[in-house]
Amino acid sequence: MSIYAYCWRVDIQCHILALMTMTTTPQSAEVNRRLGRRVRNLMFGKITQSELAQKIGTDQSGMSRRIHGKTDFSPYELVVTARMLNTSVDALLSESHPSD
């Protein structure tokens, strides 16, 4: 395994571990809405909800619930979504983001 592949794999594992240990707070609904807004902005003109839904293993209505902040993204879905949108999980979850 190359050093790049190893570092990428460790980075993803760290993101997943951090996401799995997150606790639910009153702000989590707002976090979901911000995340959904970022995903929508990054999707615009590049990929449809249906295409992204297929990649993460859900249907179009499930994807809609996620990007409208009504359903949480799983750690796996966040990683796949970030890859499909040519960004990082960090950028999707960042507190400050230019698209907000």
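Trainee: Why is asparagine 86 called exposed?
Mentor: This is a predicted model. Asparagine 86 has a relative accessibility of 73%, and exposed means over 50%, so asparagine 86 counts as exposed.

Trainee: Where is asparagine 86 found?
Mentor: In the loop between helix 5 and helix 6.

Trainee: What makes the phi of asparagine 86 worth a remark?
Mentor: Its phi is near 55°, a positive value, and the residue is not a glycine. Most residues other than glycine have a negative phi.

Trainee: What makes up the pattern of the protein along the sequence?
Mentor: The pattern reads α-α-α-α-α-α, with six helices and zero strands.

Trainee: How much of the protein counts as buried?
Mentor: Buried means under 20% relative accessible area, and 30% of the 100 residues count as buried.

Trainee: Which residues of the largest nonpolar core touch the most other members?
Mentor: Val39, Met43, Met63 and Phe73, in a core of 17 residues. Helices 2, 3, 4, 5 and 6 each give two or more residues to this core, and helix 5 gives the most, with four.

Trainee: What does methionine 43 touch beyond its sequence neighbours up to four places away?
Mentor: Thr48, Gln49, Leu52, Ile67 and Leu85. Contact means heavy atoms within 4.5 Å, so these residues have heavy atoms within that distance of methionine 43.

Trainee: How many of the contacts with a separation of 6 or more join residues 24 or more positions apart?
Mentor: Such pairs account for 60% of those contacts in the protein.

Definitions and conventions
Residues are numbered from 1 along each chain as its sequence is written. This is a predicted model: local features need pLDDT of at least 70, side-chain atom pairs count only at pLDDT 80 or more; totals for chains, interfaces and linings use all residues. Side-chain values use heavy atoms; hydrogens and water are left out. A nonpolar core is a set of buried Ala, Val, Leu, Ile, Met, Phe, Trp, Tyr and Cys residues joined through side-chain atoms within 4.5 Å. Buried means under 20% relative accessible area, exposed over 50%, partly exposed in between (1.4 Å probe, protein chains only).
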